[in-house]
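Reader: I'd like to learn how to read the core and the aromatic rings of a protein model. Could you walk me through one?

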Amino acid sequence: MSDRIDLRLINSKTYKKLFPFLVTAFLLSYLLSFIFLWPMKWIGGLMALNVLVTLIVFIYSKNFKTTGRLSIDMNNIVITQHLKEPLILPISLLEDFKISRGATIHKTDNGLFPAETHDNWISFTFDKNKYKLEFCIINGEENDRFEAMINRLRSLYPRFYYTSI
């Protein structure tokens, strides 16, 4: 059991903006491919679009823009972002310390699309500066280490707030 967990800070804004359009394109191309009065080239094109959208969602859901690293141990949070000095913050001095997990990597789901690894947020106030950063949980092993760290933080810091789907 490690005393620290290192996570990747990400930016998934583009994916979140594109996702509704990709789902709409998938559904439209799927439904329109059943209109058999259209030429075979159109139906084939719609089916190819259907496969292409599925591949885009599958690949893009795992490849977010990395903005830095987040390291959490029992006493400190270390934020390392590109071209900036590392920020070392004592957890005992944080206000409104919250971690919100939206990733579905911890659920056992064998659906068409892979488990989501993004939509995890850490937010807090330190020295009157508010921070809100998104991080990802890449796989089941990292998820287990993350959950163990959360349980230890909850036992040490009663003001720490954690939410999970």
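Author: In soluble globular proteins, nonpolar side chains tend to be buried together. Here the largest nonpolar core has 26 residues, and Ile77, Ile99 and Ile122 have the most contacts inside it. A nonpolar core is a set of buried Ala, Val, Leu, Ile, Met, Phe, Trp, Tyr and Cys residues joined through side-chain atoms within 4.5 Å. Buried means under 20% relative accessible area, exposed over 50%, and partly exposed in between (1.4 Å probe, protein chains only). Helix H3 (140-156) is among the elements that each supply at least two residues of this core, and H3 gives the largest share, four residues.

Reader: Which residues are in a second, separate core?

Author: That core of seven residues includes Ile10, Tyr15, Leu22 and Val57.

Reader: And how do I read aromatic pairs?

Author: A pair of aromatic rings is described by the distance of the centres and the angle of the planes. Rings of Phe, Tyr and Trp (its six-membered ring) pair if their centres lie within 6.5 Å; planes under 30 degrees apart count as stacked, over 60 as edge-to-face and the rest as tilted. This structure holds eight such pairs. Phenylalanine 26 and tyrosine 30 have ring centres 6.4 Å apart and planes at 10 degrees, so they are stacked. Phenylalanine 26 is partly exposed at 22%, and tyrosine 30 is partly exposed at 40%.

Reader: What should I keep in mind about the source?

Author: The model is predicted: local features need pLDDT of at least 70, side-chain atom pairs count only at pLDDT 80 or more, and totals for chains, interfaces and linings use all residues. Residues are numbered from 1 along each chain as its sequence is written, and side-chain values use heavy atoms, leaving out hydrogens and water.
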